[in-house]
Amino acid sequence: MAGGFVSQTPGVRNYNYKLTPKVFVTCFIGAFGGLIFGYDLGISGGVTSMEPFLEEFFPYVHKKMKSAHENEYCRFNSQLLTLFTSSLYVAALVSSLFASTITRVFGRKWSMFLGGFTFFIGSAFNGFAQNFAMLLIGRILLGFGVGFANQSVPVYLSEMAPPNLRGAFNNGFQVAIIFGIVVATIINYFTAQMKGNIGWRISLGLACVPSVMIMIGALVLPDTPNSLIERGYTEEAKEMLQSIRGTTEVEEEFQDLVDASEESKQVKHPWKNILLPRYRPQLIMTCFIPFFQQLTGINVITFYAPVLFQTLGFGSKASLLSAMVTGIIELLCTFVSVFTVDRFGRRVLFLQGGIQMLISQIAIGAMIGVKFGVAGTGNIGKSDANLIVALICIYVAGFAWSWGPLGWLVPSEISPLEIRSAAQAINVAVNMFFTFLVAQLFLTMLCHMKFGLFFFFACFVFIMTIFIYLMLPETKNVPIEEMNRVWKAHWFWGKFIPDEAVSKGAAEMQQKSV
Ligand code: BGC
């Protein structure tokens with residue numbers, strides 16, 4: 001039987017903690033880390049469709065956009081323009097690799113702080129940009145910030161949260177990302193109406209606000225018990241655990257954390273070790289989940305919704321407005337995941353969301369194909385355009401309660417401490433690499449593959465849904481340091497996990513129950 005069907009893994013302990021105000025506030029602030037990523041994701045698409053911005057930095061694209069004879073699919077195709085959007089993700093990729101060491105050695109909060117700080121400088125470069133070089137340097141600094149934050153925040157949230165509510169807490173990161181996107185689109189909507197260069201400057205410069213929030217947040221946040229133990233502060237870790245769990249009865253969980261840390265100390269090289277067969281499930285998942293998340297095609301909507309809507313014949317203002325609507329729907333639907341992920345589990349959401357995205361993508365591709373054909377000329381009526389927007393919303397909703405939040409949650413909760421920082425770095429790096437690739441290639445792909453592009457992403461959604469069905473066991477409610485049992489119980493991954501990786505805890509449990 002596919003191990004994916006296993007919903008309750010035998011031998012897994014179930015700590016039942018109540019929600020304490022301290023853990024709630026801490027994770028709320030921690031989730032701010034998602035704001036900088038979200039703000040940036042949301043701002044680029046709108047800015048790159050603002051005429052004064054294009055005129056200033058990309059006159060060639062501006063001229064082409066104005067040309068009435070251009071093929072609809074190719075109106076915005078420019079490598080330089082996409083480089084503006086995608087450069088950030090290359091920088092984030094590089095920095096996430098350094099961030100893993102900082103997160104491990106200095107704790108999760110200092111990684112977050114550094115993320116906020118570099119993002120702040122980047123926003124100043126962008127807001128005051130006088131030439132393309134300044135724009136690019138700014139983007140790279142923003143990217144460093146995103147890499148640090150994305151590496152540390154999901155791990156922080158997963159470690160702080162009580163195991164039975166880990167999904168909901170971790171999803172706070174995605175809520176913050178989408179909140180950042182929505183705020184950015186609203187800002188763009190207003191700044192796009194300003195005359196001259198002031199509009200895009202405000203849009204890009206305001207990135208300093210979320211960066212200040214994360215810096216202040218990081219300064220006031222405590223470090224996670226797991227990280228404190230990892231760095232030798234055992235007593236402080238116990239006190240921290242007691243205070244976030246709201247009880248002095250944390251002995252079992254504390255012991256698990258200490259054991260996990262002892263084990264991880266034997267592992268000197270997380271990067272080398274993650275390649276060992278016993279970590280194969282984590283390695284494969286931390287590579288494939290972010291890869292698949294990006295291959296859902298979501299960022300085609302995130303970055304280029306305004307451009308896409310203009311391609312569909314909407315005016316510039318209507319395009320920004322529609323992008324705002326898709327953002328708000330994504331935000332609302334992410335809460336579906338917050339409230340269900342620990343009850344129904346990760347697999348149900350992944351599978352349901354996947355099927356919903358698949359159907360809507362096929363429908364979008366078919367409609368655009370019928371209306372614009374291969375030549376990319378033609379007009380789309382108002383009601384058809386509205387129908388496409390509705391289909392896009394259905395697609396976005398599916399992503400919002402599945403691959404969006406789970407793409408960050410699952411990789412951050414499946415790895416034992418000894419490889420956690422490295423695994424999360426791989427997760428961020430792969431995510432950023434494919435974010436970069438999609439951002440860089442989308443406009444060219446749209447130009448060449450036309451409506452077939454939607455079928456292209458639909459194929460991947462089909463493959464990833466099957467992948468989850470067969471390969472991902474359920475991880476809801478499983479204490480993070482007990483995850484090995486879940487892998488051991490899986491039909492495929494079980495053979496990679498040595499018996500001793502789970503037997504110690506099982507023996508202890510047996511003793512306790514006698
Ligand atoms: C993804 C981003 C995406 C965002 C909003 C995140 O989980 O990693 O690539 O832009 O969700 O849809």
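Select D40 and R139 to begin: these two residues form a salt bridge, and their closest N and O atoms are 2.9 Å apart. A salt bridge here is a side-chain nitrogen of Lys or Arg within 4 Å of a carboxyl oxygen of Asp or Glu. The pair links distant parts of the chain, with D40 in helix 2 and R139 in helix 7 (residues 132-160), 99 residues apart. Helices are DSSP runs (H or I, at least four residues), numbered from the N terminus. Both D40 and R139 are buried, a term for under 20% relative accessible area; exposed means over 50%, and partly exposed lies in between (1.4 Å probe, protein chains only).

The model is predicted: local features need pLDDT of at least 70, side-chain atom pairs count only at pLDDT 80 or more, and totals for chains, interfaces and linings use all residues. Residues are numbered from 1 along each chain as its sequence is written, and side-chain values use heavy atoms, with hydrogens and water left out.

Next, select R108 and E159. Their salt bridge has its closest N and O atoms 2.8 Å apart, and it links helix 6, which holds R108, to helix 7, which holds E159, across 51 residues. R108 counts as buried because its relative accessibility is 1%; E159 is also buried, at 3%.

The side chains of R108 and E230 meet in a salt bridge (3.3 Å, N to O). R108 lies in helix 6 and E230 in helix 11 (residues 225-230), so the pair ties together parts that are 122 residues apart in sequence.

Move on to the ligand. It is surrounded by 15 residues, and the closest are Q174, Q293, Q294, N299 and E330; a residue is counted if one of its heavy atoms lies within 4 Å. Select Q174, where a side-chain N or O atom is 2.7 Å from an oxygen atom of the ligand. Then select W408, whose side chain has an N or O atom 2.9 Å from a ligand oxygen. The protein covers 100% of the 310 Å² of accessible area that the ligand has on its own, an area that comes from the Shrake-Rupley method with a 1.4 Å probe.

Finally, select F117, which is in helix 6. F117 is partly exposed, with a relative accessible area of 40%.

How values were computed: Helices (H or I, at least four residues) and strands (E, at least two) are DSSP runs, numbered from the N terminus. A polar contact is a pair of N or O atoms within 3.5 Å; within protein, one must be able to donate a hydrogen and the other to accept it, and residues adjacent in sequence count only if both atoms are side-chain atoms.
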